[in-house]
Amino acid sequence: METRANYVLIGVFTLVATIALLGFALWAAKYSSDRSWNEFDVIFREPVTGLTEGSSVQYNGIAVGTVDNLQLAPEDPRQVIARLRIQANAPVKTDTRARMSMTSLTGSPIIQLTGGSPEAALLQVSEGDDVPVIQTEASALQNISDTANRLVERLDQVLSEENVARISQTLANIEGMTGAVAGQREDLGAMIVNARRASEQLEQTLTTTNRAMTSFDRELVQKLPDLVARLDSTLTRLDSAAGGADTILNENRAAISSFANDGLSQLGPTLGELRSLVRDLRRISDRLDANPARYLLGRDAPKEFDPE
């Protein structure tokens, strides 16, 4: 009996020790796991179609974690809160941004983290939050969707009933103009031939003009030295004449000054007397023309005898 009791005690002790070791191993694994991963929240303000729990999280193209949970924001169901489980050594910083991304055309969407400048600080928990919150930016899919929506709205405006009517009228006018042009095909052919002839004549004229200008330029270049020499001689003579005139003015400055002061002051009365003289001579001339005998003899001319 005593031997059996020892076996039971040994078995119980072995079982308890095994359970304790297993519990310690699980606790150590959980503690190590908790220290190897960090949790972050990302709040999307756009649909996250295709994103599921377990979807990959990449940082600049490198897998650093997974999506641990997805739920609608309790205050605003238009927002989606994604709980991320990211490696502890991943440098998630204050300027890190999250956005939806596609690894391929047929692949499932993932969360792509970008940014993280060296001078930025690590992202910390804000007051009132359970875990740090990574800011988001519009994804390429959202940009494409917004652009497509704007294009559809503009296309609707362009293709309004009024614009469609105008386009139809324009097409009808173009069709009528095309028919009119087709009916005047011969005239257009003649016009094209005339235009071709005019172009040929213009080309000949330009060739002749170019030849004449070339010849003129050549002659001008040949005569240019002689022209420059003559111009230089003329300028020299003008300079000499100007110098002579300046000398004359300097030598006769006193006489010119006297004439300007005395002669010009007497010129006014002289002109007045000359004007009176001209007036008297004109009066005498008028009287001579009217009746020279009376003016010269002091009486009228005798009348001629007219026999009856």
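Patches, as I use the word here, are made of residues with over 30% relative accessible area and no salt bridge, with like charges joined within 9 Å and nonpolar side chains (Val, Leu, Ile, Met, Phe, Trp, Tyr) within 5 Å. A salt bridge is a side-chain nitrogen of Lys or Arg within 4 Å of a carboxyl oxygen of Asp or Glu.

**Ground rules.** This is a predicted model, and I number residues from 1 along each chain as its sequence is written. Local features need pLDDT of at least 70 and side-chain atom pairs count only at pLDDT 80 or more, while totals for chains, interfaces and linings use all residues, and side-chain values use heavy atoms, with hydrogens and water left out.

**Entry: the nonpolar patch.** I looked for a nonpolar patch on the surface and found one formed by Leu155, Val158, Leu159, Val164, Ile167, Leu171, Ile174 and Met177. Together they have about 730 Å² of accessible area (Shrake-Rupley method, 1.4 Å probe; for residues, only the protein chains shown count as cover). Two elements give two or more residues to this patch: α2 (140-158) and α3 (161-183). The most comes from α3, with 5 residues. I then picked out Leu155, which is found in helix α2. Leu155 counts as partly exposed, because its relative accessibility is 47% (buried is under 20% relative accessible area, exposed over 50%, partly exposed in between; 1.4 Å probe, protein chains only).

**Entry: the whole chain.** I listed 6 helices and 7 strands (DSSP runs numbered from the N terminus: helices are H or I with at least four residues, strands E with at least two). From the N terminus on, I read the order as α-β-β-β-β-β-β-β-α-α-α-α-α. Of the 308 residues, 14% count as buried. The chain exposes about 24,400 Å², and 58% of that is supplied by carbon and sulfur atoms. I also checked contacts (heavy atoms within 4.5 Å): among those between residues at least 6 apart in sequence, 60% join residues at least 24 apart.

Entry: Not counting residues up to four places away in sequence, Ser101 touches Pro109, Ile110 and Gln112.

My other stop was Gln71, in strand β3 (residues 62-72). Gln71 is partly exposed, as its relative accessible area is 41%. With neighbours within four places in sequence left aside, Gln71 is in contact with Gln79, Val80 and Ile81. I also looked up Gln71 and Arg83: they sit 12 residues apart in sequence and 8.6 Å apart in space, C-alpha to C-alpha.
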